[in-house]
Amino acid sequence: MHTTSVVIGAGHAGLAMSRCLSDRAIDHVVLERGDVANSWKTERWDSLRLLTPNWQSRLPGFGYEGEDPDGFRNMAETIAFIERYAKVISAPVETRTTVTSVRSVDGGYEVTTDRGAWSARTVVIASGACNLPNVPALADLVPAEIATLAALEYRNPDQLDEGGVMVVGASATGTQMAAEVQRSGRPVTLSVGEHVRVPRIYRGLDIKWWMDRCGVLDEHYTEYDNLERVRNLPSPQLAGSDDRRTVDLNSLTDIGVKLIGRLAGINDGNAQFSGSLQNQCVLSDLKMNRLLDRIDEWATENGLDETVESPHRFEPTRFETSPPLGLSLASGKIRTIIWATGFRPDYSWLDVPVLDRKGRIRHDGGVAEAPGLYLMGIPFLRRRKSSLIDGAGDDARDLSAHLASFLDGPSRS
Amino acid sequence: METTTPVDNGVNVEALLEAREALSDAPEAAQFQWRATCEWVSGTHSRSTVEGFFGLGEEHSHKSKFTFDADHPEVFASEDHGATPVELVLAALASCLTAGVASVAQMRDIQLRSVTATLEGGMNIQGILGADNDVRNGFDGIKVTYDIDADATPDDIRAVVAQSQKRSAVYDVITNPTNVSVEVN
């Protein structure tokens, strides 16, 4: 089969690209290993809700039309939203079609699937940023009597043994799981490395509203001198809930979660923790306050100070000055370890030599280092918001324009 | 404060940024090896020497050979010919963090006027004396206090110090476990 462009993945990113290609009358197909919104259907925990408000999931030609713009979608609603988008834009999706290889051929790419092969001049990879758990190598040293699971395998606390749980990682994922597991009656120890603290609500308004309006989310990848750092930042400690509560470390301490330093080693069945907890907490408090300073400046410049609550600062993160540096994993205190240590994409099917030494695609704002190959849906791909559903639209518009001029060829560009 | 003179903390930031750029594409060149030798003098007195190291794919030498005398004070029934080894650890931590403060401040266009670090390391010597197995040999904690005079807000100065910890080798060595193998020829 032949088409002009193959889009791999029918999540929000692939569908946004499909819509932009259709707008440009570029013939294409969207290949999806499962159903539309597959990862949202099969790889998320039960209680997860989007951490962006309903109004913020804006996709090309599609937005929120319901009556709760400030609410947060649960998974069923998120799946329905993405399915509806696929229908509304009449995306040419081939479901149940797993890509097994993509390789360069004369005039473009050959995409092999378990349901036949496509040839195309261009390929857009929108297969997700969170396909595989990023479990640290020291996981191999965990004693066998302790159950371990990656965040991708976690569904709800009922699947865990009774007894203590160590959650490793304090991103959105780690903090949400720590809160849920602690509330289930299993005492949680949270191992905290670098993390990003943000309040859910600031000056009476959702933090995502502020970040959207004051331009933080539109920051372009070319504005950063250290892209490597920002592309690898943990997700901010945020959760979507009806009571709009903040899930920072203080809120976890309040419900009894014990904070401990970054897991640094396992030696003879003893877990060893870094003595850097204080600095990790101070760093993220300072960073949060810089964001709030920026919001305050923007609010003043835009005459909002009379209409919204006054600026204020949050209580600094509370931490033990001398938290334990070691913990015996044989003592029975910890029965389960959850690795909330991040995710990485799976490119095992990609036979085009564009991967760096860490297995990531080398690209410039989504334009991969192979002509006609594009990437979507990766943190900080082109903007700070690239990791959000809301970021897929602008990225797809930019990259579809690049793709179109690539198809036109150098003589006409 | 208005200033027209460019910020200069004596750190060549451009060279550091260029090195980061160059080394991210050449991970093998980034592999360094630091070395020291140590000779017993007498009693608890020893003298360490550093001179050569390896990095950027080749051998290097310091501009001159540096030596460090270490001993223990008279309350340990020693002759006090030099700092105790744990004091050298404090000095190493302070120097590493302070180098980081200067570099990060330069990177962030903050002019430093003075930087003083004061370090305290608590230790219960029942550990090293073997008097109580529940007491560790090393520090039970280290406290570093910075006094910094610079053209920046208190939060900006705190952020420089926090970032310096995040990028410090000695801070990492002290706060995280390291495998140590000691062999005898």
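Modeller: Gladly! Buried area is the accessible area, taken with a 1.4 Å probe, that two parts lose on being put together, summed over both. This is a predicted model, in which local features need pLDDT of at least 70 and side-chain atom pairs count only at pLDDT 80 or more, while totals for chains, interfaces and linings use all residues. Residues are numbered from 1 along each chain as its sequence is written, chains are lettered from A and ligands numbered from 1 in the order in which they are written, and side-chain values use heavy atoms, with hydrogens and water left out.

Biologist: How much area do chain B and chain A bury between them?

Modeller: The size of an interface is often given as the accessible area lost when the parts come together. Here chain B and chain A bury about 1,400 Å², with 49% of it on carbon and sulfur atoms. On the chain B side, B:Arg20, B:Lys166 and B:Pro177 lose the most area to chain A, together 31% of what that side buries.

Biologist: Which side chains meet in a salt bridge?

Modeller: A salt bridge needs a side-chain nitrogen of Lys or Arg within 4 Å of a carboxyl oxygen of Asp or Glu. The rule finds 1 across this interface: A:Glu194 with B:Lys166, at 3.0 Å from N to O. Helix 1 (13-24), helix 3 (154-166) and helix 4 (169-175) of chain B each give two or more residues to the side that touches chain A. Helix 3 of chain B gives the most, with 7 residues. Helices (H or I, at least four residues) and strands (E, at least two) are DSSP runs, numbered from the N terminus.

Biologist: Turning to chain A, which residues of helix 9 are buried?

Modeller: Buried means under 20% relative accessible area, exposed over 50%, and partly exposed in between (1.4 Å probe, protein chains only). In helix 9 of chain A, the buried residues include A:Ala392, A:Leu399, A:Leu403 and A:Leu407.
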